[in-house]
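Please read these comments with the model open beside them.

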Amino acid sequence: MRHLLIVMSFIGLAVAIIAFIDNRALRHDIATALGPGLSTPEEQIIRGYDRPYLQLIAERLLHARAAGRDGTLLDLYIRPGLLWNDVTFAVALGFFSACLWVWVLMQFEPSGFLRYLLVVMAMSSLLYAIFDTAEDFALARALGTPTTISDDKAQIASALTRLKFISIVGSGAGAAVFQILQTIVPADAKPLFRK
């Protein structure tokens, strides 16, 4: 069982890396189109966001064409950006981190505080996958009809963004992998499985 856990963990890591790379250039194009002072809702961790902010993001991306692709950047932000690259990344990263911490628990059988810490990190990893996936669906739903975004939809998505952040930090390994990928993968990285 232990060996299977570590193998599954590294499979999750590989899938997360591929999903991150496949989304990287699109995220760069979106950031460029939004310009200084604006960023995607997922990056609004401290301030959060509301209906007018989501509508502003949607408006900017709706009028930006994607270089070499059909559709607007809003279309591409929703699909494949949120659904399914980001969902794949969230699930795979949460799976990687949870399997890693369970493997450490089984392999080294720590006791006391360290045991509880590893259990919390494993649970945080699973919660991260759930919250990030829920955030992606909430944003895709809200941005899919930007003129009818309600305050409730914006508040739910914003709350999920904050919960996602708390849970990825709590996962430890997930936060470390995300930061490493942000640092080493070039902003204009070519997707591995998409033309």
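The numbered points below cover the basis of the model, its pocket, salt bridges, backbone, contacts and surface.

1. Basis. This is a predicted model, in which local features need pLDDT of at least 70 and side-chain atom pairs count only at pLDDT 80 or more, while totals for chains, interfaces and linings use all residues. Residues are numbered from 1 along each chain as its sequence is written, and side-chain values use heavy atoms, with hydrogens and water left out.

2. The largest pocket has a volume of about 690 Å³. A pocket here is an open set of points on a 1 Å grid over the protein atoms alone, where a 1.4 Å probe fits, with protein on both sides within 12 Å along at least five of seven lines; lining residues have an atom within 4 Å of a point. Grid points are joined across faces, edges and corners, and the volume is the space filled by probe spheres set on them. The lining comprises 25 residues, and those nearest the centre of the pocket are Phe20, Arg27, Glu43, Phe178 and Gln182.

3. Pocket lining. Two or more lining residues come from each of helix H1 (2–34), helix H3 (73–108), helix H4 (112–144), H5 and helix H6 (173–184). Helices are DSSP runs (H or I, at least four residues), numbered from the N terminus. H1 gives the largest share of the lining, seven residues. By class, the lining has twelve nonpolar, six polar and seven charged residues. In this classification Ala, Val, Leu, Ile, Met, Phe, Trp, Tyr, Cys and Pro are nonpolar, Asp, Glu, Lys and Arg are charged, and the others, Gly among them, are polar.

4. The structure holds four salt bridges, each defined as a side-chain nitrogen of Lys or Arg within 4 Å of a carboxyl oxygen of Asp or Glu. One of them pairs Arg27 with Asp86, the closest N and O atoms being 3.8 Å apart. This pair links distant parts of the chain, with Arg27 in helix H1 and Asp86 in helix H3, 59 residues apart. Arg27 is partly exposed, with a relative accessible area of 22%, whereas Asp86 is buried at 11%. The classes are buried under 20% relative accessible area, exposed over 50% and partly exposed in between (1.4 Å probe, protein chains only).

5. Arg51 forms a salt bridge with Asp151, and their closest N and O atoms are 3.0 Å apart. Here too distant parts of the chain are linked: Arg51 is in helix H2 (residues 51–62) and Asp151 in helix H5, 100 residues apart. Arg51 is partly exposed, with a relative accessible area of 28%, and Asp151 is partly exposed, with 42%.

6. Which residue forms a salt bridge with Lys164? The partner is Glu135, with the closest N and O atoms 3.3 Å apart. Lys164 lies in helix H5 and Glu135 in helix H4, so the pair ties together parts that are 29 residues apart in sequence. Lys164 counts as buried at 10% relative accessibility, and Glu135 counts as buried at 0%. Elsewhere, salt bridges that share partners join Arg27, Glu42 and Asp86 into one network.

7. Backbone. The peptide bond from Arg79 to Pro80 is cis, with omega near 20°; Pro80 is in helix H3. Glu109 has phi near 45°, a positive value in a residue other than glycine. Glu109 is in the loop between H3 and H4 and counts as exposed at 58% relative accessibility.

8. C-alpha separations. Val7, in helix H1, and Leu100 have C-alpha atoms separated by 9.3 Å, although they are 93 residues apart along the chain. For Thr88 and Thr133, 45 residues apart along the chain, the C-alpha separation is 8.4 Å. Thr88 is in helix H3 and is partly exposed, with a relative accessible area of 33%.

9. Surface patch. Leu163, Phe165, Ile166 and Val169 make a nonpolar surface patch of about 350 Å². Patch residues have over 30% relative accessible area and no salt bridge, with like charges joined within 9 Å and nonpolar side chains (Val, Leu, Ile, Met, Phe, Trp, Tyr) within 5 Å. Accessible areas come from the Shrake-Rupley method with a 1.4 Å probe, and for residues only the protein chains shown count as cover. Leu163 is found in helix H5 (residues 151–171) and counts as partly exposed at 36% relative accessibility.
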